[in-house]
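Please read the notes below with the model open beside you.

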Amino acid sequence: MKRRIKERIFSFGYLLPSLAGVTVFFIAPFIQIIRYALVDNPVSNNFVGFENFIRVFNNNAFRRAAANTARFSAIAVPLAVALSLLLAMMLEAKIPGKSKFRTFFLSPMMVPVASIVLIWQVLFDYNGALNSVLASLGISPVDWMKSDYSHVIVVLLFLWKNLGYNMILFMAALSNIPKALIEAANVDGASAFRRFWQIKFRFLSPTLLFVTILSLINSFKVFREIYLLTGNYPHENLYLLQHFMNNTFGNIDYQKLSAAALIMALVMAIIIGILFLAEGRIGRDVEQ
Amino acid sequence: MAGITLKEVTKIYPGGVRAVDGFELEIADREFVVLVGPSGCGKSTVLRMIAGLEDITGGQIHIGDTLVNSMAPKERNIAMVFQSYALYPHMTVYKNMAFALKMRGVKKAERDARVRETAEMLDITRLLARKPRALSGGESQRVALGRAMVRHPDVFLLDEPLSNLDAKLRADMRAEIVKLHKKLETTFIYVTHDQTEAMTMGDRIVIMNAGHILQVDSPKDIYDYPVDTFVAGFIGSPRMNFAEGVIEKDVGGIFAALGSNGEHRLALEGVNATAETLTGLVGRRVTLGLRPEHMRVVSGHAPGAGFSGGFADIVEVLGAETNIYADLPGGLRFIVREWGDEPVRRGQALDLAVQTEKLHIFDIETGAAVTGRIGGGAR
């Protein structure tokens with residue numbers, strides 16, 4: 001009995017440093033945000049219920065930002081997952097120059113965001129490379145980042161930056177699938193498509209979940225690139241939730257900011273929860 | 001149902017490793033052939049090439065009359081049982097067994113009938129609704145066999161299917177697979193590194209080493225007439241005793257002198273070699289081989305028919321039999337197998353009587369057998 005208490009104290013002691021960090025930097029601010037979201041302002045502290053949330057929901061900028069963010073994630077995340085899986089499966093096949101391809105797809109990870117933005121600017125600026133190519137073909141230039149194409153360009157940027165890492169994760173997962181199972185399915189007469197759906201897909205499901213969540217988080221982070229490319233007020237297609245938050249923060253409207261942040265956290269939690277449930281079903285029995 | 005012919009089959013892996021080299025074998029329809037050899041000898045590669053899971057670098061493989069070199073595994077109508085069983089973890093036993101039939105477009109009613117019939121045969125009906133993780137090793141093994149059987153394949157390929165089972169279960173399954181082979185009347189090719197499995201299961205045994213076939217024979221013939229020291233040492237437990245000696249001749253006839261100073265003389269009367277062969281060996285150094293059960297612990301023996309002056313260094317009592325590690329003058333050390341009660345105690349002096357007609361003589365350089373079944377020369 002005494003020993004168990006002693007062990008408890010010890011294990012708590014080992015947990016303490018990271019627990020302290022998480023408390024100071026995540027849990028405490030989160031509680032603070034909940035408080036902010038429910039008061040009229042942080043100084044007078046009058047409880048106003050859900051008024052801030054209603055304000056946020058009725059805010060046009062928020063609606064536009066939420067819609068843009070949802071659209072961006074809905075396009076970019078499935079693409080990032082599917083394309084990186086496809087790449088991983090292609091590189092899994094015996095092709096010459098495999099390791100060079102791998103390095104090629106990984107290299108964007110090594111480039112700092114500022115440099116990536118610079119490259120993108122050189123390409124898509126009004127006076128950029130793409131427009132001069134078009135001009136030489138007699139096509140009038142387009143201000144890409146201020147056009148409807150800007151959304152597509154940012155999706156491309158996102159994919160270029162994220163495919164490599166996702167691909168490595170998928171390659172690791174693919175190599176962990178028991179070879180004998182694939183061979184058994186092969187002998188059993190399953191086509192390549194069936195082998196993928198019936199066997200590989202099951203074993204990939206934990207990685208699929210992980211890569212999807214990672215891509216989702218990264219898709220929220222794409223703000224950084226857009227901000228560096230276009231500043232505080234980009235083309236209305238590119239006005240994301242983080243722009244909204246950033247600008248609200250600039251206006252020192254903490255209540256609105258906190259309410260928006262809570263809504264976003266809630267939506268993220270729901271999406272990730274659904275993903276976990278789905279993975280639990282597909283990946284059941286497969287994980288050791 | 002089909003026989004299999006392998007002609008000059010070669011497998012060279014990228015990097016130049018010759019895993020299988022010039023493999024020639026004809027397997028009759030309904031035959032049970034065991035490929036056996038140490039790990040890395042190429043036996044599994046041969047099996048996988050027959051299955052189509054491994055490309056063939058050179059040569060031809062026929063199943064029945066069909067050249068299958070470039071056929072996909074599913075077109076070959078073979079079934080394979082894997083060492084790891086390779087059951088699909090997310091499917092029930094029933095679905096595991098029905099999978100191949102479904103892939104082949106067999107109708108649901110027939111699928112069901114065949115799965116149930118096979119399950120009945122293997123006594124696994126009660127497991128049909130379970131998933132693989134809820135099965136024991138032995139049960140998984142049966143399901144893996146069942147999954148292969150439902151398809152009624154032309155050929156069964158079994159890749160070390162029993163090596164993950166414990167000893168008792170292994171012995172049971174050994175007998176069961178042999179029975180199954182009789183019942184199914186299909187060609188079985190079985191890969192193992194376990195010589196007991198090879199001896200007890202195969203109609204014929206193929207012994208391989210370093211990508212080559214060393215000998216193809218019935219278990220009994222492999223045991224009695226090994227073609228070289230490798231085969232002689234590989235089959236049999238405890239393994240055959242080897243000792244170097246010189247073949248000499250005097251008035252009494254031809255004999256072998258063993259021991260560092262030629263202390264021991266074995267008359268070569270009755271060995272499986274012609275007089276010419278033996279005469280040709282006179283004056284040459286050879287490797288002599290004697291199986292543990294072809295010697296007996298005695299006190300005193302006829303001249304030229306054994307070894308004297310030894311003692312029992314280690315005595316292993318196994319119940320029905322006893323293994324005695326005998327140290328003899330001249331640096332010889334032999335294992336002798338005796339049946340029944342402990343014939344000698346540790347440290348006790350002993351002599352060994354030899355059944356000289358069971359003596360094997362091998363070329364000291366090539367290891368090839370000089371003695372053989374026709375009473376003359378290696379085959």
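1. Chain A and chain B bury about 1900 Å² between them, and carbon and sulfur atoms give 59% of that area. Buried area here is the accessible area (1.4 Å probe) that two parts lose on being put together, summed over both. On the chain A side, A:Val187, A:Asp188 and A:Asp285 lose the most area to chain B, together 37% of what that side buries.

2. The model is predicted: local features need pLDDT of at least 70, side-chain atom pairs count only at pLDDT 80 or more, and totals for chains, interfaces and linings use all residues. Residues are numbered from 1 along each chain as its sequence is written, chains are lettered from A and ligands numbered from 1 in the order in which they are written, and side-chain values use heavy atoms, with hydrogens and water left out.

3. Counted by contact (heavy atoms within 4.5 Å), chain A brings 21 residues and chain B brings 23 residues.

4. Two salt bridges link chain A and chain B; the term means a side-chain nitrogen of Lys or Arg within 4 Å of a carboxyl oxygen of Asp or Glu. In one of them, B:Arg48 pairs with A:Glu183, and the closest N and O atoms are 2.5 Å apart.

5. Where does the chain A side come from? Helix H8 (179-187) and helix H9 (192-221) of chain A each supply at least two residues that touch chain B, and H8(A) gives the largest share, eight residues. Helices are DSSP runs (H or I, at least four residues), numbered from the N terminus. By class, this side has nine nonpolar, four polar and eight charged residues. Ala, Val, Leu, Ile, Met, Phe, Trp, Tyr, Cys and Pro count as nonpolar, Asp, Glu, Lys and Arg as charged, and the others, Gly among them, as polar.

6. Nine residues of domain 1 of chain B are in contact with seven of domain 2 of chain B.

7. About 670 Å² is buried between the two domains of chain B, 59% of it from carbon and sulfur atoms. In domain 1 of chain B, B:Tyr223, B:Thr229 and B:Ala232 lose the most area to domain 2 of chain B, together 63% of what that side buries. The number of salt bridges between these domains is zero.
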